[in-house]
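Hi,

Here is the structure I promised to pass on. Have a look at it first, and my notes follow below.

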Amino acid sequence: MLTVSLLSLIAGLFGGGEPLQEPTEHGLTREWSPWRGEIGEGFAKNARTVEVKLSRAFGLTDTGSDFTHNLWLAQVQGGVMVAEVMEPDFWFGGNLEGTGQLMGGGQDRPEGAYLFGLNGGLRYHFRTGGPLVPFLGGSFGLALTDIGNPDASSKFQFNQQAAAGAHYFVDRRHAISLEYAYWHVSNGGIRQPNAGVNAHVVSVGLAWLF
């Protein structure tokens, strides 16, 4: 199911979207806009995003991990708006986005280790009417790591994220992003011990809208 969702997302990102030109009421054409009006007034259906992010994971033990796991991660994320603006007359109106994410990096505490991941998820962008566009999101996927016992006893892992953040659009197509996520990595009980790797993850990045 995850593979099918990611393939559908990739297909949406690179084909089948809105045309680059759209007709006007006078029969002329203009460049297609990823916004339904001015910045912050909601995205157009099929608008696409690409983001690059640098992330710092701060490990914690009070949710089950035996050790604190601190990591540096690089992330590349793509997305497509799956619907027009929902509930435009209410403060919580906005757009739902399907996302796909690749991540990779290394642990520097308690010892060196690698981690790579592939996630699919959803993200909801609030319609604010201004350049600051907050969002909520979540994702689930697969991970490969050699962090090892007792928190990640097998190389194959699952990873889950719940996130909140915001984009600040410097123009109609470019934004700076800031994001917080709670992150959990474990093997789902496939192998024991399976205490899991838990962390607060802070990310900064750049986003492109097209």
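Which residues make a nonpolar surface patch of about 1,000 Å²? The patch is made by Val50, Val52, Val76, Leu102, Leu118, Leu132, Tyr168, Val170, Ile176, Leu206, Trp208 and Phe210. Areas are Shrake-Rupley values with a 1.4 Å probe, and for residues only the protein chains shown count as cover.

Before you go further: this is a predicted model, where local features need pLDDT of at least 70 and side-chain atom pairs count only at pLDDT 80 or more, while totals for chains, interfaces and linings use all residues. Numbering starts from 1 along each chain as its sequence is written, and side-chain values use heavy atoms, without hydrogens or water.

The chain has 1 helix and 10 strands (DSSP runs, H or I of at least four residues and E of at least two, numbered from the N terminus).

Strands S3 (48–59) and S10 (197–209) each supply at least two patch residues. Tyr168 sits in S8 (residues 156–169). Tyr168 counts as partly exposed because its relative accessibility is 41% (the class lies between buried, under 20%, and exposed, over 50%).

S8 runs antiparallel to S9 (residues 174–186), with 12 bridges (pairing takes at least two DSSP bridges), and a hairpin of 4 residues joins them. S9 is also antiparallel to S10, again through 12 bridges; there Ser177 partners Gly205.

Cheers

How values were computed: Patches are made of residues with over 30% relative accessible area and no salt bridge: like charges are joined within 9 Å, nonpolar side chains (Val, Leu, Ile, Met, Phe, Trp, Tyr) within 5 Å. A salt bridge is a side-chain nitrogen of Lys or Arg within 4 Å of a carboxyl oxygen of Asp or Glu. Buried means under 20% relative accessible area, exposed over 50%, partly exposed in between (1.4 Å probe, protein chains only).
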